[in-house]
Amino acid sequence: METKILQVNPEQFGDEELQEACQVLRNDGLVAFPTETVYGLGGNALHKEAANHIYAAKGRPSDNPLIVHISEVKSLYELAADVPEAAKKLSEAFWPGPLTMIFPKSDIVPYGTTGGLDTVAIRMPNHPVALALIDESGCMIAAPSANTSGKPSPTEAGHVALDLDGKIPMILDGGPVGIGIESTIIDLTEKVPMILRPGYITKEMLEEVLGEEVRIDPGIIASDSTKKPKAPGMKYKHYAPKADLVLVEGEQEAVVAKINALVREKQAAGLKVGVVATDETESLYQADYVVTIGARSDEDAIARHLYKILREFDDWNVDAIYSESFSTPRIGQAIMNRLMKAAGHQVIHV
Ligand code: TXA
Ligand code: MG
């Protein structure tokens with residue numbers, strides 16, 4: 001299959017490109033499209049054939065459910081069998097935006113889309129191209145991140161093409177995304193609302209709007225496998241670069257010294273080594289590849305660059321990667337959740 005890549009300027013895009021993409025969706029084909037978090041791989045959420053195509057293209061286990069993307073709140077009432085008061089508050093506060101909510105599903109949602117579950121994940125993305133695509137096609141769009149299963153999520157169209165070229169009919173290239181890590185997922189079917197995946201919308205932000213406590217799924221904090229995460233996708237090894245990735249945590253000076261020592265050790269053994277630094281420390285490292293993820297004070301930049309950097313190390317065929325740790329105040333939890341998974345929880349404290 002030939003993959004057609006269409007440029008769409010998010011600020012001003014032509015109807016022609018949009019209509020072509022809508023036609024693909026209406027025929028149960030797949031369109032990769034930009035959202036504010038990461039690129040999604042979209043198909044008609046109400047047709048199980050489209051879901052089958054999504055699983056096949058990504059090489060994704062079919063028990064891992066998809067998020068349904070909507071463009072108006074009224075669609076929520078068609079997809080969810082019950083919409084609690086909490087959901088009304090959260091949708092008013094954060095939609096369109098990087099928040100996914102879990103509901104009991106209605107009968108129109110096929111089990112193909114929910115990976116066999118009786119619940120459905122729903123979000124309204126905050127991106128003009130995504131919203132127009134849903135509106136114009138008349139389809140609610142089931143979309144996982146548009147990467148091959150196990151790879152970092154795509155933050156630009158080129159990443160999608162690397163993974164899915166020849167496997168899907170169309171990619172809408174709307175340039176690099178704004179946030180760079182996937183949406184926060186909150187489960188509203190529990191007595192106490194529970195975060196199944198941390199993201200840009202934090203626990204504190206959710207608690208402030210709800211006026212009640214929000215829990216974090218214990219299964220995503222445990223570094224061992226004693227507790228299973230509730231979101232099926234969180235149990236898979238994910239975001240993993242090809243090289244062995246180790247995080248080093250502590251005071252800046254000690255971290256730099258430790259990483260440089262580890263690099264020398266690996267290089268002495270003939271290995272190629274990469275380092276993930278910050279603007280502040282970039283010049284202090286000696287390695288085969290030193291990349292900066294951004295200024296330490298700019299956590300939005302850290303989130304935005306994370307997946308791109310992990311993919312770059314794959315291109316350079318390094319054998320080992322050492323990274324500083326980023327427990328920044330607001331979205332640090334989401335960033336570290338992704339990095340810890342990429343590192344298989346290998347952390348050195350100095
Ligand atoms: O930002 C995002 O959420 C992006 C963009 C494209 O919207 N999408 C995304 O989808 O990250 P995906 O499929 O890569 O991740 C969805 C996660 C998976 O971990 C999946 O297991 C979980 O959501 N999930 C989906 N439906 C669920 C359900 N009914 N119950 C529990 N977890 C669910
Ligand atoms: Mg994904």
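In this structure, which is a predicted model, a polar side-chain atom of R197 lies 2.9 Å from an oxygen atom of ligand 1. The protein covers 97% of the 680 Å² of accessible area that ligand 1 has on its own, areas being computed by the Shrake-Rupley method with a 1.4 Å probe and, for residues, with only the protein chains shown counting as cover.

Residues are numbered from 1 along each chain as its sequence is written, chains are lettered from A and ligands numbered from 1 in the order in which they are written, and side-chain values use heavy atoms, with hydrogens and water left out.

**Surroundings of ligand 1**

- Ligand 1 has 29 residues around it, of which T37, N64, H69, S183 and G233 come nearest; a residue counts as near a molecule or strand if one of its heavy atoms lies within 4 Å of it.
- An oxygen atom of ligand 1 lies 2.6 Å from a polar side-chain atom of N64, and a backbone N or O atom of G233 likewise lies 2.6 Å from an oxygen atom of ligand 1.
- At least two residues of the shell are supplied by each of β4 (67-69), β6 (119-123) and β10 (194-197), and the largest share, four residues, comes from β6; helices (H or I, at least four residues) and strands (E, at least two) are DSSP runs numbered from the N terminus.
- Sorted by class, the shell holds 16 nonpolar, eight polar and five charged residues, where Ala, Val, Leu, Ile, Met, Phe, Trp, Tyr, Cys and Pro count as nonpolar, Asp, Glu, Lys and Arg as charged, and the others, Gly among them, as polar.

**Salt bridges**

- The count comes to 14 salt bridges, each being a side-chain nitrogen of Lys or Arg within 4 Å of a carboxyl oxygen of Asp or Glu.
- E36 and R123 meet through their side chains in a salt bridge of 2.9 Å, N to O, and this pair links distant parts of the chain, with E36 in the loop between β2 (31-33) and β3 (40-44) and R123 in strand β6, 87 residues apart.
- E36, at 8% relative accessibility, counts as buried, as does R123 with a relative accessible area of 2%; buried means under 20% relative accessible area, exposed over 50%, and partly exposed in between (1.4 Å probe, protein chains only).
- The closest N and O atoms of K308 and E156 are 2.9 Å apart in another salt bridge, which joins helix α11 (residues 299-316) to the loop between β7 (141-142) and α7 (157-164) across 152 residues.
- K308 is partly exposed at 30% relative accessibility, and E156 is partly exposed at 25%.
- R338 and E182 form a salt bridge of 2.8 Å, N to O; R338 is buried with a relative accessible area of 1%, and E182 is buried with 4%.

**Helix α12**

- Helix α12 (residues 332-342) contains R338 and is mostly covered, nine of its 11 residues being buried.
- The buried residues of α12 pack against β10, α9 (218-221), β12 (244-249), α11 and β15 (320-324), where contact means heavy atoms within 4.5 Å.
- Just after α12, G344 takes a positive phi of about 55°.

Notes: Predicted model: local features only at pLDDT ≥ 70, side-chain atom pairs only at ≥ 80, totals over all residues. Polar contact = N/O pair within 3.5 Å; in protein donor to acceptor, adjacent residues only side chain to side chain.
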